[in-house]
Amino acid sequence: MQTNVECLSYLNYVNGQWQAASSGQMIDIHNPANKDEIIGRIQASNLEDLDHAVAIAKKALPTWRNLSSVERGNFLHRTADILEKNADEIAEIATKEMGKILRETKGEVLRGVAILRYYAQEGMRQIGEVLPSSQKQNILLTKRVPVGVVGVISPWNFPIAIPIWKIAPALIYGNTVVFKPASETGISAAKIVQAFDEAGLPKGVLNLVNGKGSIIGQGLADHKDVNAISFTGSNQVGKQVAVSAVKHGAKYQLEMGGKNPVIIMDDADIEHAAELTVQGAMKQTGQRCTATSRAYVHCSVYERVKELVVKKANSLKVGNGVDPTVDLGPLASEQQMNTVMNYIKKGKEDGASLLCGGEALKGEQYQSGYFVPPTVFENVTHDMTIVREEIFGPVLGLIKVNSFEEALEMANDTIYGLSASIFTKDIARAFKFIDEIETGLVQINGETGGAEPQAPFGGMKDSSSQSREQGQAAKEFYTTMKTITITPIP
Ligand code: UN1
């Protein structure tokens with residue numbers, strides 16, 4: 001397949017072939033649980049390689065577009081079966097690349113399988129509608145058609161599910177794809193592409209180009225022959241992608257950061273609320289854009305919630321994600337660890353009080369990785385950096401509130417708007433929360449994280465470009481529409 005076994009070099013995939021980058025350069029992928037271990041190398045491509053891949057995707061478009069969507073769906077079904085069969089192997093690679101525990105990476109591969117099956121079936125669903133025409137004899141209808149060549153830029157924190165939730169809808173609606181994954185997880189990306197290859201996907205329909213984000217990601221966004229670009233990552237890069245796309249008239253879709261709040265009211269099931277707040281904050285070591293990072297807790301239950309949250313956070317075991325007894329793997333990279341530790345430092349300097357965690361873990365089993373324990377702060381005020389900026393690590397702030405209204409106002413006082421949850425048994429209050437919280441994902445008595453393939457996913461404000469991914473919402477982005485009038489000639 002795609003490796004040169006002796007040095008575990010993973011190649012690009014263009015026109016149905018595994019190819020080296022023309023630069024001859026490679027990027028090493030390190031294990032964040034054991035930084036001296038190099039998992040493999042991926043290609044450091046340059047713009048010439050990207051240009052070639054885009055030209056190939058463009059060339060493959062007419063044939064792919066002209067298959068029936070049911071036929072296209074069969075390729076997705078076959079890919080799903082292959083991924084399912086290889087789930088353990090791929091999960092282990094993803095864990096070694098970015099650190100999260102095997103239970104999480106295995107779950108992610110299976111989520112990818114479910115997404116593929118959902119979109120495979122999409123090939124049998126509606127692609128237009130019939131409208132009444134003002135001319136009685138005419139037929140007026142709409143038909144959805146592919147956008148063209150789609151650029152996919154995906155992050156390292158969901159190395160399998162996020163690429164698939166972009167690639168699967170792009171393909172089913174008849175587009176071809178150039179895929180640029182985060183370099184940290186380039187091998188997981190190769191494994192996804194390998195599954196499509198084994199499923200017999202026609203050559204040129206899906207192309208993988210690895211390389212630096214500043215070169216290949218930016219180049220994809222800038223490329224005149226890329227008709228739509230779907231991006232998940234940081235706000236700073238997302239906005240650059242949008243500007244580049246607008247310049248050449250490409251569609252764009254951005255999924256970016258979050259600063260997701262929970263509100264725990266006095267009538268909540270406190271055990272349940274504390275449990276899901278900790279899960280929301282700490283799963284994947286907090287490296288989810290949907291992670292819970294602010295908990296607004298009613299003063300009458302504050303002490304009890306605090307006690308439970310700290311107990312639960314302290315009970316989580318940190319370590320190498322391949323160990324099945326571990327709950328939290330390492331942070332994904334040194335850069336990620338430095339960012340998180342700087343936020344923790346800033347929290348302390350600003351006067352927040354640490355309830356647990358707060359120091360990188362020391363000792364023999366931790367010294368070769370980026371291990372930060374669950375960290376909970378209290379005495380957090382609303383103007384502190386740790387409440388305002390996305391941390392992307394296992395850090396939670398507790399904030400005492402006197403009323404639902406006060407909590408709601410603070411929950412909304414942020415540039416982000418991805419996910420939020422309220423824990424309450426009061427239906428009227430839950431309804432008010434649904435109406436007034438400024439987020440795209442709203443949970444009542446649930447965790448802020450999580451997504452289902454059939455449901456739209458996305459945020460408000462600076463969390464997204466207002467577009468939605470997954471479910472039927474994906475159709476909006478990956479197709480464009482024709483309005484057709486048929487006039488019968490008597
Ligand atoms: C989830 O919470 O399971 O990058 C999905 C992210 C989001 C996906 C979250 N785009 O974290």
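Modeller: Domain bounds here are taken from an automatic or database domain assignment. For this chain, that gives domain 1 (9–256 + 464–483) and domain 2 (260–452). It's a predicted model, where local features need pLDDT of at least 70 and side-chain atom pairs count only at pLDDT 80 or more, while totals for chains, interfaces and linings use all residues. Residues are numbered from 1 along each chain as its sequence is written, and side-chain values use heavy atoms, leaving out hydrogens and water.

Biologist: How do you know which residues of domain 1 and domain 2 are in contact?

Modeller: Contact means heavy atoms within 4.5 Å. On that rule, 22 residues of domain 1 touch 30 residues of domain 2. The C-alpha centres of the two domains are 31 Å apart.

Biologist: What makes the area between domain 1 and domain 2 "buried"?

Modeller: Buried area is the accessible area (1.4 Å probe) that two parts lose on being put together, summed over both. Here that comes to about 2100 Å², with carbon and sulfur atoms giving 54%.

Biologist: Why is the Arg-103 and Asp-327 pair called a salt bridge?

Modeller: The rule wants a side-chain nitrogen of Lys or Arg within 4 Å of a carboxyl oxygen of Asp or Glu. The closest N and O atoms of Arg-103 and Asp-327 are 3.8 Å apart, so the pair qualifies. The count between domain 1 and domain 2 is 1 salt bridge.

Biologist: Why do β7 and β8 count as paired?

Modeller: Two strands pair if DSSP finds at least two bridges between them. β7 and β8 (residues 139–146) have 2 bridges, in the antiparallel sense, so they pass. Val-130 stands opposite Leu-141 in β8.

Biologist: What makes β7 and β23 edge strands?

Modeller: The open sheet has 3 strands in the order β7-β8-β23, with antiparallel pairing. β7 (130–131) and β23 (479–486) each pair on one side only.

Terms used: Helices (H or I, at least four residues) and strands (E, at least two) are DSSP runs, numbered from the N terminus.
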